[in-house]
Amino acid sequence: MSTLAEAVGQTLADSGIRHAFGVVGGGNILATAALTAAGVHYTAARHEGGALAMADAYFRATGDVAICTTTHGPGITNTVTALADAAKNRSGLVLLCGDAPVSGPRPHDIDQSALMAAVGVRVVRLTDPATAREDTAAAVRTAREGHCPVALFLPGDLINRPAPDGETLRAPVEAGGPAASDGPDLEPVLAALADARRPLLLAGLGAWHAGAGKVLGELGDRLGALFATTVMAGGLFRESPWSLGVCGGFASPEAAALMGEADVVVAFGASLDTFTLHGGRILDPAATVVQVDLAGDAWAQRADLTVRGDAHAVAVRLLDAVEERALPVSEWRDHRAPAVAGARAGWAALASEDASGSGRIDPRTLTRALAGLLPEERTVVLDGGHFIAWPAMYWPVPDPAGFVFTGAAFQSIGLGLAGAVGAAVGRPDRLTVAAAGDGGALMGLPELDTLVRSGRPALVVVYDDAAYGFEEHMYLPQGADPATTSFADTDFAAVARGLGAAAVTVRSVDDLGAVREWREAGCPGTLVLDCKIVAGVVAPFLADLLARA
């Protein structure tokens with residue numbers, strides 16, 4: 001008869017789990033051994049928060065559920081920032097963690113279930129070895145089908161208890177969303193589309209998860225609409241000549257102007273938060289905004305009509321109704337075709353003054369030059385910070401799985417290097433390109449070691465302005481103390497070499513020859529670029545917000 005730990009590990013493997021990331025301790029080391037014995041690939045992280053960010057990024061890059069495993073107490077508290085981000089991002093993963101004994105808490109235990117409730121994470125606590133397999137499989141199903149983190153707790157006094165043997169069915173992966181015949185009343189939406197002269201379809205991550213890209217393309221073509229995405233869903237309409245790219249502060253001026261012309265905007269699987277709507281500035285105040293989302297309007301900064309439902313199912317119903325009622329085709333595409341072509345050229349086609357000098361490189365010049373050195377099939381992983389604008393503006397991605405923006409949902413930094421590990425492990429067919437500011441890179445530095453140890457090819461670009469750039473640009477004009485936002489320069493190249501990576505300090509475009517050589521050599525291991533950037537160049541999204549404050 002198997003122990004509880006062995007039963008849980010085997011059940012997770014039988015449920016389709018292929019990868020786990022973690023830090024072992026007394027509460028989870030035997031369960032982790034059971035995972036690896038069952039054939040689950042394990043990556044040992046340096047910090048529990050990093051392990052959680054790895055599992056989160058793995059889901060974002062692959063759509064598959066992974067495991068983060070930690071011990072109890074400090075093991076789980078160390079995951080909270082990354083866990084909150086995963087919960088708000090609707091990432092499917094299982095946190096396999098030790099817990100207090102069922103007989104009662106020990107002096108060092110905390111109420112882990114209450115902690116999980118505080119960050120919006122569901123809990124499955126295994127209190128009966130006889131149902132452990134069934135409960136474990138159910139936890140995987142919830143994470144996979146509900147697109148959410150689930151904490152699976154192993155009480156300390158049950159780990160070695162015998163668990164009845166028995167076959168556990170693989171947790172099914174359900175394709176698609178609700179049946180197209182079910183759902184809310186779409187009459188108000190159809191009425192708005194019937195009167196639309198300039199319709200815009202906006203897709204978010206929910207549309208990608210629902211597999212709605214194809215039907216949204218068909219719906220948009222039938223209506224004569226233009227397309228846009230949230231930053232998280234970038235690349236969803238990449239093949240359409242009518243795609244304007246990302247909606248929000250990262251949109252090029254030409255694309256933003258066209259988005260502002262739309263008179264009806266139907267957003268599928270997008271939260272319509274202030275980031276996507278650029279503080280409410282991106283859309284015409286007179287436009288009718290429709291939000292189609294499973295979560296309704298909980299986070300919407302603006303929504304005139306709300307349709308609670310699966311993006312794919314609602315899009316299918318709308319397309320059928322548009323055909324049945326013979327709604328007119330907009331002439332917007334015909335009238336604005338040259339402007340759309342200009343918008344599609346994006347930021348890369350717009351000239352900017354090169355502010356490089358005194359041993360520091362303009363971040364725009366740096367990012368443009370790197371764009372020509374990167375393969376088309378890539379996974380771009382971002383940490384948080386002011387620098388995020390440059391990769392988002394100049395590095396298009398092949399599809400939403402190719403863009404992993406860590407920390408965005410929870411407004412945190414320090415998760416990017418760990419996210420690079422999860423993306424690299426999950427998508428070895430794509431080159432992982434991680435971008436971080438110096439603040440986030442130092443905060444998440446232990447996981448650079450994990451990235452190097454993974455042996456997966458990865459390019460790490462550190463935008464090093466020796467400061468918390470966003471805070472400097474935003475708050476120094478309001479009286480903040482500069483001593484709290486700026487630091488002495490860090491030699492990231494030396495640190496990276498100490499951890500086993502190849503590294504180069506970048507002060508001019510000429511220094512980027514190292515990237516070309518690395519790629520010609522087959523991208524061996526991790527290459528870190530310590531890019532000393534000009535601190536005074538303000539990203540357009542922030543400059544616009546500051547100008548209108």
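Is F403 buried or exposed? With a relative accessibility of 6%, F403 counts as buried; the label buried applies under 20% relative accessible area, exposed over 50%, and partly exposed in between, using a 1.4 Å probe and protein chains only.

A quick word on the ground rules. This is a predicted model, where local features need pLDDT of at least 70 and side-chain atom pairs count only at pLDDT 80 or more, while totals for chains, interfaces and linings use all residues. Residues are numbered from 1 along each chain as its sequence is written, and side-chain values use heavy atoms, with hydrogens and water left out.

**Aromatic rings**

Searching the whole structure turns up 8 aromatic pairs. Rings of Phe, Tyr and Trp (its six-membered ring) pair up if their centres lie within 6.5 Å; planes under 30 degrees apart are called stacked, over 60 edge-to-face, and the rest tilted. Here are two of the pairs:

| Pair | Centre to centre | Angle between planes | Geometry |
|---|---|---|---|
| F250 and F275 | 5.5 Å | 80 degrees | edge-to-face |
| F403 and F405 | 6.0 Å | 75 degrees | edge-to-face |

The F250 and F275 pair ties together distant parts of the chain, 25 residues apart. F250 sits in the loop between β11 (243-246) and α11 (253-259), and F275 in the loop between β12 (264-268) and β13 (288-293); helices (H or I, at least four residues) and strands (E, at least two) are DSSP runs, numbered from the N terminus. F250 is buried at 5% relative accessible area, whereas F275 is partly exposed at 34%. As for F405, it is buried too, at 4% relative accessibility. Ring pairs join F250, F275, F403, F405 and F541 into a cluster.

**Cysteines**

How many disulfides does the structure hold? It has 0, a disulfide being a pair of cysteine sulfur atoms within 2.5 Å. For C97, the nearest cysteine sulfur belongs to C68 and is 8.3 Å away. C97 is buried, at 0% relative accessibility.

**A nonpolar patch**

On the surface, V24, I29 and L30 make up a nonpolar patch with about 240 Å² of accessible area together. Accessible areas come from the Shrake-Rupley method with a 1.4 Å probe, and for residues only the protein chains shown count as cover. V24 lies in the loop between β2 (19-22) and α2 (29-37) and is partly exposed, at 41% relative accessibility.

Definitions and conventions: Patch = residues over 30% accessible without salt bridge, like charges linked within 9 Å, V, L, I, M, F, W, Y side chains within 5 Å. Salt bridge = Lys/Arg side-chain N within 4 Å of Asp/Glu carboxyl O.
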